[in-house]
Amino acid sequence: MADTLPQALDPRASALPAVLVFLAGLGALLVDATTHTRPGPVAYLLFPTPVAVLSYLRVRPEVDRRRLVVLVVWGYAGTTAAGLLAILLAIATRLPRPYEAWEFLLLDVGVFCWFALALTAAFVTAGRTRGARSTAALLAGPVAQFGGFLVLVLLTAEDIVLFGLPVIVEFAVAPRLL
């Protein structure tokens, strides 16, 4: 038992550390959501990068510390940029009706899961490839994070208004389907 616990917590040998960080992020989001009327983006800005880096380390255990530092910096910078774009888009979005608290909770859980999944998939793909493909996969992570949020907004928003000018008017698919 003493030998299995450290190996289970070694990110080079086990996916358990990435799963534990993901669950900690989900827990932080739920605590934030239950203690505030509208939770902030802290969970989906802070936790996807460690999950992705630990997953990268799992598929490429021989990576050196310098590359890990670069991955952490890129993960946080890219996730922050995607998160800020998502926040700006959310501010510019008019919903078809006011959302209930549970709907906002589902939205926030979905955004957190998507941000973690998109960045992790990009990092794992980068870990399994080499050269330009690896770099392209790393660059695609934040793009996929924001792209998923953009699709969500396009499916649920009544319209999007940027700087007082309507960008998309009555585009929402979901209200018409219900």
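How far apart should the ends of helix 5 (residues 65-91) be, at 1.5 Å a residue? The 27 residues should span 39 Å, and the end C-alpha atoms are 38 Å apart, which agrees. The expected span here is 1.5 Å times one less than the number of residues.

A word on the source. This is a predicted model, where local features need pLDDT of at least 70 and side-chain atom pairs count only at pLDDT 80 or more, while totals for chains, interfaces and linings use all residues. Residues are numbered from 1 along each chain as its sequence is written, and side-chain values use heavy atoms, with hydrogens and water left out.

Now the overall layout. The chain has eight helices and three strands. Those are DSSP runs, H or I of at least four residues for helices, E of at least two for strands, numbered from the N terminus. The order is α-α-α-α-α-β-α-α-β-β-α.

Of the 178 residues, 35% are buried, meaning under 20% relative accessible area with a 1.4 Å probe, protein chains only. Back in helix 5, the buried residues include Leu-68, Leu-71, Gly-75 and Gly-78.

Next, a helix pair. The axes of helix 6 (residues 101-128) and helix 7 (residues 131-156) come within 7 Å and cross at roughly 160°. Axes are lines fitted to C-alpha atoms over the stretch in contact, with angles from 0 to 180 degrees between N-to-C directions. The two helices are therefore roughly antiparallel, the term for angles over 145 degrees.

Who meets whom? Among them, Trp-114 and Phe-115 are on the helix 6 side, and Gly-141 and Phe-149 on the helix 7 side. Contact means heavy atoms within 4.5 Å.

Conventions
Angles under 35 degrees count as roughly parallel, over 145 as roughly antiparallel, 65 to 115 as roughly perpendicular and the rest as oblique. Buried means under 20% relative accessible area, exposed over 50%, partly exposed in between (1.4 Å probe, protein chains only).
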